[in-house]
Amino acid sequence: MAAPPGAGGVGRTNAVLAKLSVVGDLLMLQLVFLVLSLGILTLFPAAFALQRVLADAISQDKPKLLRRYFGEFRWAMKRFWLSGFGLYAGAVLLAFGLSFWAFASGPARVFALVVLIPLTGMILGLYLSGLAVLPQAGDDATMKTVFRSANLFLLRRPLPVAGGVVVLLTWFALASQVPTLLVVGSGLVPALTAYALSRQRREKTSEDVSI
C-alpha cells in the first residue's frame, strides 16, 4: 500500500522535533548540573546524577526528567559526597603539579612530567570508566564497589577508554582557549563520552553465541 502524500515530510519533521527535544533536555540537565556543581562538595554528586539520567534524556523513554535528576543527586550526595571531595582535592593538586612542572626547568621537570602525564591519563580513564558503569550501580552502591567495577571496565576496554581520554583532553584544551565551552559542556562532554563507551558493542564470547 502506497504511503499517503506528505507522509515522508511528516516523518522527517517528527524526527527533527524528537532530536530537538533530546538536545533541549540535555542542555537543561547541563544547566542544572552547572548550578549544582558550584559547590565543592556537590560537584561530583551532580556529575554522577547526570550520568544516571543521561540515557533517559537521550531515549526520551521516561518523563519527569528533572525530578529523576534531583532524586539521583540526593542519592549521590548521601553516598559519595566525601569521596567526591577527595576527588576534587586530588584533581586540584594534580592540576597544580602539572602546571608547576610544565613551567619549571632542569632535569627534575622531565622526570616529574614523565610521571604526572601518564598518571593523569590513568586517572581520567578510571573516572570515565566509573561514569560508564555508574548507571548500572545498585542503590546500595558504595565508592568501593563502583571503583571495582570501573577498574574491571578499564581492564576490559583499555583502547576505547584511551580514546575517551583523548577526547576529554582535547575538549579541555579547547575550553582553556574558549571558556564559554565550559558553560555548555562541562558536565555533558564527560557524561556523553562515558555513555558512548558504555554503549559500545561487547565482544562476542562463547556465552554470547547462540547454538
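## Two annotated stretches

Over residues 110–134, by contrast, the chain is 96% helix and 0% strand, with end C-alpha atoms 36 Å apart. Here helices (H or I, at least four residues) and strands (E, at least two) are DSSP runs, numbered from the N terminus.

## Basis of the model

This is a predicted model, in which local features need pLDDT of at least 70 and side-chain atom pairs count only at pLDDT 80 or more, while totals for chains, interfaces and linings use all residues. Residues are numbered from 1 along each chain as its sequence is written, and side-chain values use heavy atoms, with hydrogens and water left out.

## Overall fold

The protein has 8 helices and 0 strands, and its C-alpha trace spans about 75 × 50 × 35 Å along the principal axes. Of the contacts (heavy atoms within 4.5 Å) with a separation of 6 or more, 69% join residues 24 or more positions apart.

## Burial and surface

Of the 211 residues in the protein, 32% are buried, a term for under 20% relative accessible area, computed with a 1.4 Å probe and protein chains only. The protein exposes about 13400 Å², of which carbon and sulfur atoms supply 70%; these areas come from the Shrake-Rupley method with a 1.4 Å probe.

Notes
Buried < 20%, exposed > 50% of the residue type's maximum accessible area, 1.4 Å probe, protein only.
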